[in-house]
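The exercises below are to be worked with the sequence and the model open side by side. Each task is followed by a solution in steps.

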Amino acid sequence: MKKCCYFFGILLVFASCGTKKSLSDRPQDTDISTIDSVRIQQATDFYSLGNNSLRKNKEGLWEMYVEGDALERGVAIGSLTKELINKQEKIFMDKVEGMVSSPSYFNFLSKLVNWYNRKLYKHIKEEYKEEIYGISRFSSSTYESFADPYILKLYLHGAHDIGHALKDLMLVGCTSFATWGEHTQDGELLIGRNFDFYVGDEFAEEKIIAFINPDEGQKFMMYTWPGFIGVVSGMNANGITVTINAGKSKIPLVAKTPIALLTREILQYATTTQEAIEIAKSREVFVSESIMVGSAKEKKAILIEVSPHNFGVYDVKNSSQLVCSNHFQSEAFSQDKRNLKTIENSHTQARFNRMKQLLQQEEQVNPRKAIEILRNRKGLNNTALGYGNELAINQLLAHHGIVFQPESNLVWVSSNPYQLGAFVAYDIKNAFAEFEQGDFSLKGIDSLKVAADPFLETEAYQNYEEYRIEERKLETAITKENFKKTAQELEEFVALNPKYWQAYQLVGAYYYEQKKYALALTYFEKALDLEVTTVPDKEKLEKLIKKSKRKS
């Protein structure tokens with residue numbers, strides 16, 4: 001499952017925090033006694049602290065504004081969002097408790113990752129350590145015996161990278177694009193992306209559109225979650241946009257700069273693509289990532305491709321379209337064996353080709369059409385994939401979808417579920433001007449809002465949501481002898497998502513474990529007839545078919 005490797009990373013992060021870690025990496029400025037930290041509740045789901053504020057809009061998204069120096073921002077974020085932060089902490093801790101069955105195994109992981117993270121703090125800017133420290137002062141006391149809140153928060157900013165590195169898997173199957181000039185309706189740069197990042201349904205319940213006004217650097221907005229100051233999708237007041245797509249990584253020996261904090265630095269301090277490149281070059285990372293940087297001034301987008309031992313820039317010269325999935329495109333990685341293997345064996349090339357196809361089908365793209373592309377659930381040439389297939393642009397698991405039109409200061413962000421809910425529009429220039437004047441009103445622009453996907457009202461969507469629940473149950477049934485499923489129940493399960501290969505594969509696996517090899521063979525063969533996600537998945541099915549034939 002896609003989510004497991006991230007949970008593994010979270011597990012190791014928490015395990016590392018459980019040891020007696022030295023706090024010598026605590027930021028220098030930690031005196032919050034002179035900073036106002038008492039928020040005022042203005043109404044239900046509406047809080048203020050000086051000029052800072054947090055308010056939930058009618059789509060269920062939190063709009064947050066914070067200003068000041070690093071420690072002041074951290075204190076404001078911590079005070080305003082403390083219940084949300086504590087909720088996220090509980091989600092993570094529940095995952096840890098559910099995954100660790102042996103104290104000795106837990107102790108082993110603690111020692112392993114404490115060593116692995118031994119130099120992480122050296123690669124994080126003092127400014128960001130101060131901001132994280134300010135947030136950590138509002139963490140729940142529930143876990144203080146387990147880990148110092150600051151250390152916990154610091155390491156969680158590298159959880160994506162740690163899970164990514166230690167499992168040697170792509171954690172997410174994100175797809176993004178940029179288009180401009182003759183390919184957009186008004187000639188302006190337009191960027192769209194799905195952040196296909198899944199850590200369980202609860203994790204995605206509280207989403208924050210954060211407007212950050214730092215005392216140094218550029219004002220910027222980012223789409224994030226409680227307690228997280230890194231950037232996965234964002235735009236600054238100078239029209240620089242940043243999104244990230246995971247690449248294939250090998251296991252490094254030590255944690256370095258978390259990707260989301262590198263992209264935060266770019267968003268806060270870069271005003272051109274060249275400045276973004278220089279910032280990226282100045283940091284050592286420990287996983288591979290494609291960073292798409294858009295520029296309103298330059299009317300284009302580029303890819304900065306980073307890995308622990310390589311660096312490349314991909315800048316299209318004779319085109320006004322750029323597509324990114326989960327492989328590298330620059331000359332620097334053209335002979336990289338790991339990258340070439342990823343292209344050959346994974347689902348990244350299929351999504352890349354599908355995105356190019358969807359863009360080519362549109363003579364000129366506008367924000368509404370960009371959102372339709374991000375919501376597309378079919379494969380190349382409109383092939384039916386079933387729902388939840390990683391070959392699709394819309395895998396029905398995204399944390400969010402987002403569209404930027406930086407020359408007009410506009411951004412559209414999705415609301416739950418996935419990227420299917422309404423896309424709320426913001427003019428970030430106007431939003432910052434109002435926030436700075438002490439205007440606490442909601443900033444979404446109703447006239448530009450894009451309605452929820454009609455797919456939400458269909459029986460197919462309801463069946464898919466039921467399928468996700470039953471899928472987890474069946475995965476449990478496969479590994480537990482006393483957990484039985486009837487033939488009718490298994491047929492009903494497949495009928496919930498009849499075009500998805502994995503539905504048949506799971507039923508086949510269940511029958512195989514029950515030693516009903518003829519039935520297993522039938523379902524494995526049906527799965528192979530559908531759009532199987534990766535080459536290794538196909539090879540595994542082929543082996544299971546051979547084994548089932550031999551045993552039956």
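A residue counts as buried under 20% relative accessible area, as exposed over 50%, and as partly exposed in between. The model is a predicted one.

**Exercise 1. Classify the partners of a salt bridge**

Task: Find the salt bridge between K369 and E362 and state whether each residue is buried, exposed or partly exposed.

Solution: 
- Step 1. The side chains of E362 and K369 meet at an N to O distance of 3.4 Å.
- Step 2. E362 has a relative accessible area of 22%, so E362 is partly exposed.
- Step 3. K369 has a relative accessible area of 27%, so K369 is partly exposed as well.

**Exercise 2. Salt bridges across the chain**

Task: How many salt bridges does the structure hold, and where in the chain do the partners K58 and D446 lie?

Solution: 
- Step 1. The count of salt bridges is 25.
- Step 2. In the pair K58 and D446, the closest N and O atoms are 3.5 Å apart.
- Step 3. K58 sits in the loop between β3 (52–56) and β4 (62–68), and D446 in the loop between α13 (428–436) and α14 (459–479). The pair thus links distant parts of the chain, 388 residues apart.
- Step 4. Both K58 and D446 are exposed.
- Step 5. For another pair, take E470 and K485, whose closest N and O atoms are 3.6 Å apart. E470 belongs to helix α14 and K485 to the loop between α14 and α15, 15 residues apart.
- Step 6. Both E470 and K485 are buried.
- Step 7. Salt bridges also join into a network, whose members are R73, E127, E131, D215 and R264.

**Exercise 3. Two sides of a helix**

Task: Which residues of helix α15 are buried, and which are exposed on the other side?

Solution: 
- Step 1. Helix α15 covers residues 487–496, and its buried residues are L490, F493, V494 and L496.
- Step 2. Viewed down the axis of α15, these residues fall within an arc of 155°, so they line one face of the helix.
- Step 3. Q488 and A495 are exposed on the other side of α15.

Task: Repeat the analysis for helix α10: which residues are buried, and which exposed residues lie on the face turned away from them?

Solution: 
- Step 1. In α10 (residues 337–345), the buried residues are N339, T342 and N345.
- Step 2. Their arc about the axis of α10 is within 145°, so they line one face.
- Step 3. The face turned away from the buried side carries K337, K341 and E344, which are exposed.

**Exercise 4. Charged surface patches**

Task: Which residues form the negative surface patch, and which element gives the largest share of it?

Solution: 
- Step 1. The patch is made of E466, E489, E491 and E492.
- Step 2. Three residues come from α15, the largest share.
- Step 3. E489 is in α15 and is partly exposed, with a relative accessible area of 37%.

Task: Which residues make up the patch of positive charge on the surface?

Solution: 
- Step 1. The residues are K515, K543, K546, K547, R550 and K551.
- Step 2. K546 lies in helix α18 (residues 535–551).
- Step 3. K546 has 60% relative accessibility and therefore counts as exposed.

**Exercise 5. Backbone exceptions**

Task: Where do N381 and L396 lie, and is each buried or exposed?

Solution: 
- Step 1. As background, most residues other than glycine have a negative phi, and most peptide bonds are trans.
- Step 2. N381 has a positive phi near 60°, and L396 has a positive phi of about 55°.
- Step 3. N381 is in the loop between α12 (367–374) and β15 (400–405), and L396 is also placed in the loop between α12 and β15.
- Step 4. N381, at 58% relative accessibility, counts as exposed, whereas L396, at 1%, counts as buried.
- Step 5. The peptide bond from N416 to P417 is cis, with omega near 0°. P417 is located in the loop between β16 (410–414) and β17 (423–427).

Methods:
Residues are numbered from 1 along each chain as its sequence is written. This is a predicted model: local features need pLDDT of at least 70, side-chain atom pairs count only at pLDDT 80 or more; totals for chains, interfaces and linings use all residues. Side-chain values use heavy atoms; hydrogens and water are left out. Patches are made of residues with over 30% relative accessible area and no salt bridge: like charges are joined within 9 Å, nonpolar side chains (Val, Leu, Ile, Met, Phe, Trp, Tyr) within 5 Å. Accessible areas come from the Shrake-Rupley method with a 1.4 Å probe; for residues, only the protein chains shown count as cover. A salt bridge is a side-chain nitrogen of Lys or Arg within 4 Å of a carboxyl oxygen of Asp or Glu. Lys and Arg count as positive and Asp and Glu as negative; His and the chain ends are not counted. The place of a charge is taken as NZ of Lys, CZ of Arg, CG of Asp or CD of Glu. Helices (H or I, at least four residues) and strands (E, at least two) are DSSP runs, numbered from the N terminus. Buried means under 20% relative accessible area, exposed over 50%, partly exposed in between (1.4 Å probe, protein chains only). The arc is that of the directions from the helix axis to the C-beta atoms.
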